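Welcome! Have a look at the structure, then follow the points below.

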Amino acid sequence: MSEVFINRAKTLAVTGHRMLSANFNKDKLKSVLEKFIERDFDTFLIGMALGFDTVCFQTLEKLKEKYPSIKIIACIPCLCQACKFNKAQKEEYDRMLSVADEKIILSTEYTPACMMKRNKFMVDNACALLAYLIRDYGGTANTVKYAEKMNIPIVYLKD
């Protein structure tokens, strides 16, 4: 795993589904993320999955124009994370990795547990979690349950 210093007190982790609802509001997401920045959060842990993670990364990238001191840390569950992405998704993934302030690789190879290992790492290194949770099963739901168990405050983004 890559060594990166993370000031947990100023760090937000994000978790959300790969499929966003038709009502997903990117402006609302931007507003919520900007409120965290205004509360002195300067580091954002992104799991680099499709869907919510990608939209969060892109939104934070735009917010960096106004707040250049924020850091986007790509938390990569395994080196082959994007191997099943289509061409456009892979190109965007590679582009985002190229502009991320830091990259943390949790596993060199895919394992059945590498995604949860990434999610656990993000929760363990953040003082709050932003969650886009619209169903109570899957990786996002498991990450939220883990954050609850660890007494990490959770902000839910609703449609």
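Let's start with one residue of this predicted model. Setting aside neighbours within four places in sequence, Met48 is in contact with Asp53, Phe57, Ala74, Cys75, Ile76, Gln81, Phe85, Tyr93, Met96 and Leu97. From there we can look at the cores and then the sheet.

**The nonpolar cores**
- Met48 is also among the residues with the most contacts inside the largest nonpolar core, together with Leu12, Leu29, Phe44, Phe52 and Leu130. This core has 33 residues.
- Two or more residues of this core come from each of S1, helix H1 (26-38), S2, H2, S3, helix H3 (87-99) and S5.
- H2 gives the most, with six residues.
- There is also a second, separate core of 18 residues, including Val4, Ile73, Met122 and Leu129.

**The sheet**
- Strands of a sheet pair through backbone hydrogen bonds, and they can be parallel or antiparallel.
- Here, six strands make an open sheet with parallel pairing, in the order S4-S3-S2-S1-S5-S6.
- Strand S4 (102-105) and strand S6 (154-156) each have a single partner strand, so one side of each is left without a neighbour in the sheet.
- From one strand to the next, the twist averages 25 degrees.

**A closer look at S3 and S4**
- Strand S3 (residues 71-76) runs parallel to S4, and four bridges join the two.
- Cys75, one of the contacts of Met48, stands opposite Ile104 in S4.

**A helix on the sheet**
- Helix H2 (residues 52-66) packs on the sheet and touches strand S1 (11-16), strand S2 (43-46), S3 and strand S5 (128-132).
- The direction of H2 makes about 145 degrees with that of S1.

Methods. Residues numbered from 1 in each chain as written. Predicted model: local features only at pLDDT ≥ 70, side-chain atom pairs only at ≥ 80, totals over all residues. Heavy atoms only, no water. Pairing = 2+ DSSP bridges. Axes fitted to C-alpha atoms, helices over the stretch in contact; angles between N-to-C directions. Contact = heavy atoms within 4.5 Å. Core = buried A, V, L, I, M, F, W, Y, C linked by side-chain atoms within 4.5 Å. Buried < 20%, exposed > 50% of the residue type's maximum accessible area, 1.4 Å probe, protein only.
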